[in-house]
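Please read them with the structure open.

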Amino acid sequence: MLIRTNAWELRRADEIFKTISDKGHPDLTVLSASQEHGMIPRNDVGVDIKYDKKNTANYKRVKPEQFVIHLRSFQGGFAWSEIEGITSPAYTVLDYKETGKYSFDFWKEVLTSPNFIKRLESVTYGIRDGRSISFSDFSTLKFSSPEIREQQKIGSFFRNLDELITLHQRIEKISS
């Protein structure tokens, strides 16, 4: 169902996203979900996470600009990926249903925003660490979305803001 509101569309999540389960890539880097940096190489996590390398053929491939519903999504939103790798088969990998219609930077902000995390409460009643949010529960949420050019402008604004904040934090560390 499509509802127009001043050039923004109101759509259910399952009209925007689809699940991806691309297995059989055991030679790719194993990724872990982080709240702050999205999907990162497991070796960069700083914790020795054990896994059986024989099972990596069952891990799901994650490509750049895809999202991951992970076990702590209810706390920090969905993880995003800027790199290719594989992740736990317990996670749900999301991609857009229609390529070229959505901006990664825009949706990265939406799917990690405090507002989105709060909205997840409506579909995650009783979820705690160790249980993932299901795509079917997420799919019922509705999102307002502008057309692609406006998404790109909004996403670019937030990416630039993130870069300025990072630069400011580095300068503060050097100055202290």
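1. Glu121 is partly exposed, with a relative accessible area of 49%. Its salt-bridge partner is Lys118, and the closest N and O atoms of the two are 3.3 Å apart. Lys118 is exposed, at a relative accessible area of 53%; the cut-off for exposed is over 50%, so Glu121 at 49% is classed as partly exposed.

2. This is a predicted model, so confidence comes next. The protein chain averages a pLDDT of 87, and 88% of the residues score at least 70. Among the elements, strand E1 (residues 3-5) has the lowest mean pLDDT, 52, while strand E6 (residues 60-62) has the highest, 98.

3. The protein chain holds six helices and 11 strands. Of its 176 residues, 38% count as buried. The chain exposes about 10,500 Å², of which carbon and sulfur atoms supply 51%. Among contacts with a separation of 6 or more, 74% are between residues 24 or more positions apart.

4. Four strands make an open, antiparallel sheet in the order E3-E10-E7-E8. Strands E3 (17-20) and E8 (79-80) are at the edges with a single partner strand each, so one side of each has no neighbour in the sheet. E3 pairs with E10 (residues 92-96) over four bridges, in the antiparallel sense. Within this pairing, Thr19 stands opposite Leu94 of E10.

5. The salt bridges deserve a separate look. Side chains of opposite charge can pair when their charged atoms come close. The count here is 11 salt bridges. One of them joins Arg61 and Glu84, with the closest N and O atoms 3.1 Å apart. Arg61 lies in strand E6 and Glu84 in the loop between E8 and strand E9 (85-87), so the pair ties together parts 23 residues apart in sequence. Arg61 counts as buried at 17% relative accessibility, whereas Glu84 is partly exposed at 37%.

6. The loop between E8 and E9 also holds Glu82. Glu82 forms a salt bridge with Lys108, the closest N and O atoms being 3.8 Å apart. Lys108 lies in helix H3 (residues 104-110), so this pair ties together parts that are 26 residues apart in sequence. Lys108 counts as buried at 12% relative accessibility; Glu82 is partly exposed at 45%.

7. Glu9, Arg11, Glu98 and Lys101 are linked in a network of salt bridges.

8. On the surface, Phe157, Phe158, Leu161 and Ile165 form a nonpolar patch with about 340 Å² of accessible area together. Ile165 lies in helix H6 (residues 148-175) and is partly exposed, with a relative accessible area of 40%.

Conventions:
Residues numbered from 1 in each chain as written. Predicted model: local features only at pLDDT ≥ 70, side-chain atom pairs only at ≥ 80, totals over all residues. Heavy atoms only, no water. Pairing = 2+ DSSP bridges. Helix = DSSP H or I, 4+ residues; strand = E, 2+ residues; numbered from the N terminus. Patch = residues over 30% accessible without salt bridge, like charges linked within 9 Å, V, L, I, M, F, W, Y side chains within 5 Å. Areas by Shrake-Rupley, 256 points an atom, 1.4 Å probe, with all protein chains shown as cover. Salt bridge = Lys/Arg side-chain N within 4 Å of Asp/Glu carboxyl O. Buried < 20%, exposed > 50% of the residue type's maximum accessible area, 1.4 Å probe, protein only. pLDDT = per-residue confidence, 0-100. Contact = heavy atoms within 4.5 Å.
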